[in-house]
Amino acid sequence: MTETLGTPIQGVTLYSFTRASHQREYDLEALIRKVAADGYGPGLEIIGFSSFRGFPAIEDSFAGWFKDLVVEAGLVQTSLAVNADIGIHRDRLLNQDELIEYMRLQIEAAAKLGFPIARVQISLTPDSMEQLAPIAEKNNVTLALEVHADQYASHPRILALRDRYEQVGSPYLAFTADWGATVTGFAPSLLEAYRRRGASEDLLAAVVDLWNGYYAEGPPANQQIHGQRFGSFIGLAAQNGRPELGIDFAINGTGLFGPARVEDWLEILPWVRHVHGKFFGIDENHEEPSVPVRELVTLLVENGYSGAISSEYEGWHWNHWQSPFDIVRDEQAVQRSAASNAGSRMITDRAEAASVLAAHLARPVPHLN
C-alpha cells in the first residue's frame with residue numbers, strides 16, 4: 001500500500017459495444033458520441049483493426065478529424081489495441097524483422113491518432129519488446145502488453161517480461177492488467193446462454209463444479225496443466241451427451257475466466273500503465289457476480305494507481321437479451337462506489353483525466369528490490 005491513494009480514470013473500450021457495431025446501430029462517430037453523452041468516459045479505448053478502415057494506414061485528414069471529434073466529445077484517448085499476429089500470411093509466419101516492422105506501423109498509427117498507449121499482445125517475447133522500445137520512445141507511445149487469462153501476473157512468462165523491462169529501463173515498456181485473469185466464478189450470464197441452448201441443469205452444475213475445483217487449485221503452473229484443464233471441459237460435455245458444447249466450455253472456462261487471486265497483480269503493478277476492467281455481467285443486485293470488481297479497484301487505489309480503467313464488457317459474445325450500454329453503466333457505478341469506499345474516487349472530468357494520465361505515464365521506471 002502506498003502513502004498516496006490512486007485516482008483511476010473511468011473509461012471504456014468500444015469493444016464492449018461490438019454487438020451494436022456489428023448490427024450497424026452505430027458507426028464509429030455515433031458510438032464515440034454516445035459514449036460521451038451517456039457518461040462512460042472520459043477514457044476512450046479502441047481496437048485499431050476493428051474501428052479504423054485500412055489500419056494501420058491512417059490518412060492525415062482522418063487523424064485530424066478523429067482527434068477533433070474526441071476533443072469535441074469531451075473524451076481522452078487512453079489506449080489503442082494493436083495486434084501482434086505473426087500468422088497474417090496463409091503460407092508462412094512473419095520472421096522477426098517482419099514482426100518488428102508490422103508493429104512499427106501500428107505504433108506510428110497510435111501516435112498519429114493521439115493514443116499515448118498501445119496495448120500489445122502476449123505473443124510478443126522479451127526480445128521483441130526490447131527491440132520495440134526505441135520505436136515506442138521515438139513515437140512517445142507506451143507499449144502495454146496485456147496480461148490476460150490463461151496467463152497471470154506471477155506466470156513465468158510475465159515475470160520474464162517484467163525482469164527484461166527492468167534491465168532495459170525504458171519507461172515505454174509496461175503492462176495492461178486484464179481483470180479476466182482474476183475471476184472468482186463461472187459467469188452466470190454465460191450459464192444462462194448455455195441454458196438457452198438446451199444445456200441441462202445437471203451439466204451446468206458439473207461445469208461450475210469443475211471450474212470451482214480449478215479455482216481452488218489456483219491458476220495453471222504451465223501449459224501442460226492448462227491443456228489438461230482445457231481437455232477436461234471437453235470430456236465433461238461429451239460424458240453428458242453435449243459434445244458440441246465442449247470446445248465452448250473449454251475456451252471460456254480456461255481462456256476467459258482466469259483463477260488467479262487479486263493480490264497476484266502486485267507482482268507487476270508498478271509496471272501496469274493501463275487496466276482492462278474485464279467483466280461479464282451485472283446481477284439483480286447491480287453487482288458483478290464473477291469478477292471481484294470492488295477488490296480490484298481497492299487494490300489499485302491503495303497502491304497508487306492513477307491510470308485508466310477501460311470497462312471491457314465481454315458478455316456481449318453470448319448475452320443478446322440485455323443492453324450492453326446498461327450493463328457497462330452499472331459496472332462503472334460499482335467501480336466508482338469501490339473507489340469511494342477505498343477513500344478515493346474515479347476521475348470523470350476530461351481535463352483532469354488528461355492531466356492525471358500524463359502524470360501516470362511519466363512516472364519513473366520502477367525497479368525490483
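I began with Val-76, which is buried, with a relative accessible area of 8%. My cut-offs: buried is under 20% relative accessible area, exposed is over 50%, and partly exposed is in between (1.4 Å probe, protein chains only). The model is predicted, so I use local features only at pLDDT of at least 70 and side-chain atom pairs only at pLDDT 80 or more, while totals for chains, interfaces and linings use all residues. Residues are numbered from 1 along each chain as its sequence is written, and side-chain values use heavy atoms, with hydrogens and water left out.

**Entry 1: around Val-76**

I placed Val-76 in strand S3 (residues 76-81). Helices (H or I, at least four residues) and strands (E, at least two) are DSSP runs, numbered from the N terminus. What does Val-76 touch, leaving out residues up to four places away in sequence? I listed Pro-42, Gly-43, Leu-44, Val-70, Arg-350, Ala-353, Ala-354 and Leu-357. A contact here means heavy atoms within 4.5 Å. Leu-357 is 281 residues from Val-76 along the chain, yet their C-alpha atoms are separated by 9.3 Å.

**Entry 2: the barrel**

I followed the strands and found a closed barrel of eight, S1-S2-S3-S4-S5-S6-S7-S8, with parallel pairing. The twist averages 30° from one strand to the next. Axes are lines fitted to C-alpha atoms, for helices over the stretch in contact, and angles run from 0 to 180 degrees between N-to-C directions. Two strands pair if DSSP finds at least two bridges between them. S2 (residues 43-47) and S3 pair in the parallel sense over five bridges. Gly-43 stands opposite Val-76 in S3. Then I checked helix H13 (residues 324-341), which packs on the sheet and touches S1 (9-13), S7 (272-279) and S8 (308-313). The direction of H13 makes about 145° with that of S8.

Most residues other than glycine have a negative phi, and most peptide bonds are trans. I looked for exceptions. The bond from Gly-41 to Pro-42 is cis, with omega near 15°. Pro-42 sits in the loop between helix H2 (28-37) and S2. The bond from Ala-149 to Asp-150 is also cis, with omega near 20°. I found Asp-150 in the loop between strand S5 (142-147) and helix H7 (156-168).

Arg-24 is not a glycine, yet has a positive phi of about 60°. Is Arg-24 buried or exposed? At 76% relative accessibility, Arg-24 counts as exposed. His-286, also not a glycine, has a positive phi of about 60°. His-286 lies in the loop between S7 and helix H12 (293-302). With a relative accessible area of 48%, His-286 is partly exposed.
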